[in-house]
Amino acid sequence: MPKFSLRAASAVLLTLTALNAPTAYADEVTPVAVTVNARAALATVPETGIGTNHAIWDTNLGTDATADLLKDAGVKLLRYPGGSYSDIYHWADHTAPGGYVAPNTDFDTFMRGARRTGAQPMVTANYGTGTAEEAAAWVRSANVTKGYGVKYWEIGNENYGNGHYGSAWEADNHADKSPAEYARNVVSYADAMKAVDPTIKIGAVLTTAANWPDAIVADGDNGTWNKVVLSIAGPKIDFVILHWYPGALDKAAQVPDMIQLTRQQIAKYAGTGSERIGIAMTEFNTGSSSAGTNTQPGALAAADAYATVLANGVFTVDWWNVHNGIGNVTQVEGHTDYGDFGLLSSATCTSDGSVCEPPLNTPFAPYYALQMMSRFARPGDQFIRAATDQAKVTAHAARRPNGDLSVLLINTSSDTSYPVTINYSGFSPASGAPTVLTHTNGATSITSSTAGTATSQTLSPLSLTTIVLHPSTPQTGRPGTPGQPTAANVTDRTATISWPAAAPGARPIVKYELHRQNGAISEQLSETPGTSLTVNNLTPGTRYTLNVIARDSGGGLSWASPPLTFTTGTPASSSCSVRLTIQTDWASGYVGALDITNNGAPINGWTLNFSWPRTWQSLGSGWSAVWTQTGSDVKAVNETGNGSLPTGGSTSIGFVGNYNGPNVLPAVFTLNGTVCTTQ
């Protein structure tokens, strides 16, 4: 997003009075069932998970007051020098031609503030108007001369916004503005910068799934931005960069597909060893001033997004921005929303002076969302699956190395207090009232209390609530956690899963159990005394997420292993085959061509069926067949002229597919009821 000025820069409160005060609506509202599954492990919380952006036009960058507030929020990564300014900023003389540079915002000042905050720095090198030599000199000054030890270095910011796809907000002096030219320069930057300090990590800019210009192929390119960049620069980079401004408060459900599609692109295009490449979301904001940018709805969306993104293995999520400035002023849920994308007030006023923000550095609601996140899921904790049966209430959970468990509940309802009943799998909470952290609509702090029980709480409207639980019995003597599982020989129906052995605890390990994540419910698929097994009876074209658990001779269970996600294929041979080709894509829809081949006996009349993988996908139109959609199921029936398919015969049909979220393509097609080979 363009961010060239301050103005234009682009639940779960357990009121936990459940036992000692009446709760509004409690007698009238059906209790929400919350499921927390410690056997369904997700990603480990990274040290750099909670991040935010600093910008050189912010006069308060690096001040002690700002640094201390960020430290109190648990911020562990700070990005500099600030969005699109990165591509006009020259570090050596601290200038940004065409932009405003505030006093006392130079790199040394930034580093002083980062150290006071206790956060790792991430630096964006100038791609748009800089050179590889300039970036390498910055690495030398920072890490060799001054010993700052800056580990993470991005090459440019949103460089797909340089006009190559039609819209231009990012500075780019290169005559060639293609993804290939960007990728070639990433290689040059990486070589020059790592020649100075081989320990640094280099990041390249990617587009985010279903966000413009993702999936678009411009004239003269050999593929999308991501395909071209990864194919050329993949061997030289250590992480990729996503930015996400969803523009709505209910998009966290799209995150797993967003991250999975990115991983698939990395694996497909980045070459040998691509599994080393991490994912960083270096800009995130709800981007929805109408729904509440700096009021409580924005905070609820922020907590939900941070928890979901980090649980899916991204190593940092960085809020845009620390300070940003007043924008479109509205009233949201009983409070003034200043349209400010910052965590902290800039104390700025509208152009006519009619409305002014609160005093400088007053925290806005999203600040408390980050603070709650840092208390809910600490570095080294491991996210686990949690779910609810009420759309207005979202749940997340994490287990701690000492055996404790924390549950984050988000109530997005404006007017309903929800009682919740929490059920645990693979964890037995201690009796007694747990510690409860809450943040409610309009609150200026997170409160801590001891209230309710581990299984029963009540959530105030528009609230964030974290429950911290101790286990009922000591966690000593358990088997160690099995290592990262891998999948091999994946077919349409089978997969061989292997993992490093767990260390025994007080008793010997007698077997390993393989569990599939089914939402927040685990389904045991198989077990073995060894460290490898083949799983059968899988469903074609299905994404599986599995965990391995060790069991000892006394029945003691380990924590679940890190997750393994893989997708089954379709039959290697079948009486039919289907090839789906994307002919053109405009980041919210595409034209698809389906080539159908009959490999069996002659057919006189055919029906092709498939299902959309996600609710945000639909059929726009189709041709060369009679197309219908019922729910998520799509059916194409032959027309009069193409119903006969002899052995080896083929026909082609086409359709327009619409989407408003990550576009997971249909993978399983049936012809007259037979599952085809998808080519």
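Modeller: Let us begin with the residues around a space, sorted by class: Ala, Val, Leu, Ile, Met, Phe, Trp, Tyr, Cys and Pro count as nonpolar, Asp, Glu, Lys and Arg as charged, and the others, Gly among them, as polar. Here the lining of the second largest pocket has seven nonpolar, 10 polar and no charged residues. This is a predicted model, where local features need pLDDT of at least 70, side-chain atom pairs count only at pLDDT 80 or more, and totals for chains, interfaces and linings use all residues. Residues are numbered from 1 along each chain as its sequence is written, and side-chain values use heavy atoms, with hydrogens and water left out.

Colleague: What is a pocket, what is a cavity, and which residues line them?

Modeller: Rolling a probe the size of a water molecule over the atoms shows where empty space is left. On a 1 Å grid over the protein atoms alone, a cavity is a set of points where a 1.4 Å probe fits but cannot get out, whereas a pocket is an open set with protein on both sides within 12 Å along at least five of seven lines; lining residues have an atom within 4 Å of a point. Grid points are joined across faces, edges and corners, and a volume is the space filled by probe spheres set on the points.

The second largest pocket has a volume of about 300 Å³. Of its 17 lining residues, N294, P363, F364, A365 and G442 are the closest to its centre. Two or more lining residues are given by each of β12 (335-337) and α8 (365-376), where helices (H or I, at least four residues) and strands (E, at least two) are DSSP runs, numbered from the N terminus.

Colleague: Which residues line the largest cavity?

Modeller: Its lining includes W244, P246, F284, A301, D304 and A305, and the volume is about 70 Å³. Helix α7 gives the most to this lining, with three residues, and the lining as a whole divides into eight nonpolar, one polar and three charged residues.

Colleague: Is α7 mostly covered or left open?

Modeller: Buried means under 20% relative accessible area, exposed over 50%, and partly exposed in between (1.4 Å probe, protein chains only). By that reading α7 is mostly covered, with 16 of its 16 residues buried. G313, whose phi is positive, near 95 degrees, follows α7.

Colleague: How many aromatic pairs does the structure hold?

Modeller: Rings of Phe, Tyr and Trp (its six-membered ring) pair if their centres lie within 6.5 Å; planes under 30 degrees apart count as stacked, over 60 as edge-to-face and the rest as tilted. The structure holds 39 aromatic pairs. In one of them, Y160 and W225 have ring centres 6.0 Å apart and planes at 90 degrees, so this pair is edge-to-face. The pair links distant parts of the chain, 65 residues apart, with Y160 in the loop between β6 (152-155) and α4 (179-196) and W225 in helix α5 (residues 225-233). Y160 is buried, at a relative accessible area of 6%, and W225 counts as buried at 1%.

F284, which also lines the largest cavity, forms an edge-to-face pair with W319, at 5.7 Å centre to centre and 70 degrees between the planes. The two lie 35 residues apart, F284 in strand β9 (residues 278-284) and W319 in strand β10 (residues 317-319). F284 is buried, with a relative accessible area of 2%, and W319 is buried at 0%.
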